[in-house]
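Q: Can we walk through this model together? I'd like to start with the surface and then look inside.

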Amino acid sequence: MGRFDKVRANLRRAYLQRLAEARVEREIAVAEESEPEPEPEPPAGEFEHATTTSRDDAEIPHGLRIAAAWSWRLLLLIAAAAVLLWLVGRLKTVLIPLSIALLLSALLAPVMGVLRRRVKLPPSLAAFVVLIMGLGAVAGVLTLVVTEFVAGFPALAEKASAGVSQIQDWLTTGPLHLSGRQLDATFDAATTWLNDNRGSLTDSALSTATATVEFLALTLLILFVTFFFMRDGKRIWHFVTGILPTPARDPIRRAGEAAWRTLVAYVRATVLVAFIDALGIGLLLFFLNVDFWFPLGTLVFLGAFVPIVGATVSGAVAVLVALVDEGPITALVVLIGVIAVQQLEGHVLQPLIMGRAVSVHPLAVIVAIATGVVLAGIIGALVAVPLVAVLNTGIRHLVQHRREAPPDAVIVSAD
């Protein structure tokens with residue numbers, strides 16, 4: 001073998017040896033990378049636990065820790081609800097006109113749409129025409145109610161006096177056998193109560209002028225707000241939602257539009273149901289020759305806007321008037337008719353006209369009415385249920401259409 005062949009063999013041997021050493025180094029590096037790093041030992045004085053780091057917390061039972069976590073979160077929710085109710089109570093002078101204007105806008109929205117699409121009226125003129133038409137209808141109904149009431153009140157008062165005399169005779173000669181002295185004592189007590197409370201009654205009468213001025217101011221504010229809600233409602237909603245963060249802007253806008261459609265459907269269905277109730281009871285009173293059949297039908301129409309409670313109160317008034325005017329047989333017939341109309345409304349008209357989209361659980365209705373009465377009286381009871389229906393639809397829309405973030409979107413790197 002020549003010298004050149006020896007050099008070449010040595011070079012090849014060195015190359016193969018180096019290649020083997022590199023392969024071994026790579027295998028060692030891969031093995032070291034695959035081994036898990038040892039976990040750091042917990043600092044002294046701390047206790048390793050799945051959910052706690054303190055030995056004292058670990059000594060507390062798991063169920064008690066869960067109950068404590070729920071408790072402080074519930075307390076925060078209760079505090080937030082209390083603050084919200086306090087704000088509503090302080091701002092009810094402003095919130096009540098806004099709520100009524102919102103309901104009126106939902107009621108008049110279909111007419112507004114017809115004038116805009118078919119008659120091609122500008123927004124301002126269409127809103128003004130709709131308001132004038134609504135005011136004319138309300139003024140006409142009130143005129144008919146007041147006229148009939150003034151014309152028939154004297155006869156009803158005479159019949160009421162005769163009815164009171166009959167009740168006195170029944171109490172004296174009936175199964176109770178009350179003496180005249182006991183009846184006189186009862187009437188004397190009533191007279192004494194009236195004399196003792198004459199001051200408060202007089203103060204209430206003297207405050208009528210102030211109440212009238214406040215009512216007129218409230219009415220003007222409602223009309224003013226209703227006009228702009230009908231004309232610029234969509235622009236106002238886009239402006240209000242424009243202050244929200246960008247990711248929440250579009251979902252809130254879509255939820256608000258869905259809630260508005262629910263409010264329009266609710267008000268329209270309530271008006272239709274109220275009209276059917278008033279027509280049925282009004283015709284029954286008319287054929288039974290009961291006085292004030294038209295005012296009582298109007299009362300039934302207005303009472304239908306307060307679910308459950310309004311129908312009961314207006315029906316009771318109709319039965320009492322029938323009792324005073326025509327006697328117990330007619331009152332019994334009216335009572336049967338009122339119950340039949342209410343059953344028809346609850347089991348046929350409400351599910352058929354309103355549907356499932358705007359239905360609210362009866363417990364939520366009762367709680368909403370009670371809360372509205374406490375916060376704002378009768379007007380609060382009127383606006384409570386539709387507002388609950390709107391919130392129900394808006395929250396459901398947000399929950400059903402929320403977008404879940406992908407897993408990588410919630411991982412924050414520590415590097």
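A: Helix α9 (residues 246–287) supplies the largest share of the nonpolar patch, seven residues. Helices here are DSSP runs (H or I, at least four residues), numbered from the N terminus. Keep in mind that the model is predicted: local features need pLDDT of at least 70, side-chain atom pairs count only at pLDDT 80 or more, and totals for chains, interfaces and linings use all residues. Residues are numbered from 1 along each chain as its sequence is written, and side-chain values use heavy atoms, with hydrogens and water left out.

Q: Which residues form that nonpolar patch on the surface?
A: L272, F275, I276, L279, L283, F286, F287 and W293, with about 770 Å² of accessible area together.

Q: And where is W293?
A: W293 sits in helix α10 (residues 293–303).

Q: Is W293 buried, exposed or partly exposed?
A: Partly exposed, because its relative accessibility is 31%.

Q: OK, inside now. How many cavities of 30 Å³ or more are there?
A: One. The largest cavity holds about 60 Å³ of space.

Q: Which elements give two or more residues to its lining?
A: α9, α11 (309–326) and α12 (328–354). α12 gives the most, with four residues.

Q: What line the largest cavity, by residue?
A: D277, I281, V300, A304, A311, S314, G315, V338, V341, Q342 and E345.

Q: How do the lining residues divide into nonpolar, polar and charged?
A: Six are nonpolar, three polar and two charged.

Notes. Patch = residues over 30% accessible without salt bridge, like charges linked within 9 Å, V, L, I, M, F, W, Y side chains within 5 Å. Areas by Shrake-Rupley, 256 points an atom, 1.4 Å probe, with all protein chains shown as cover. Salt bridge = Lys/Arg side-chain N within 4 Å of Asp/Glu carboxyl O. Buried < 20%, exposed > 50% of the residue type's maximum accessible area, 1.4 Å probe, protein only. 1 Å grid on protein atoms, 1.4 Å probe; cavity = no way out; pocket = protein on both sides within 12 Å on 5 of 7 lines; lining within 4 Å. Points joined across faces, edges and corners; volume = space filled by probe spheres on them. Nonpolar A, V, L, I, M, F, W, Y, C, P; charged D, E, K, R; others polar.
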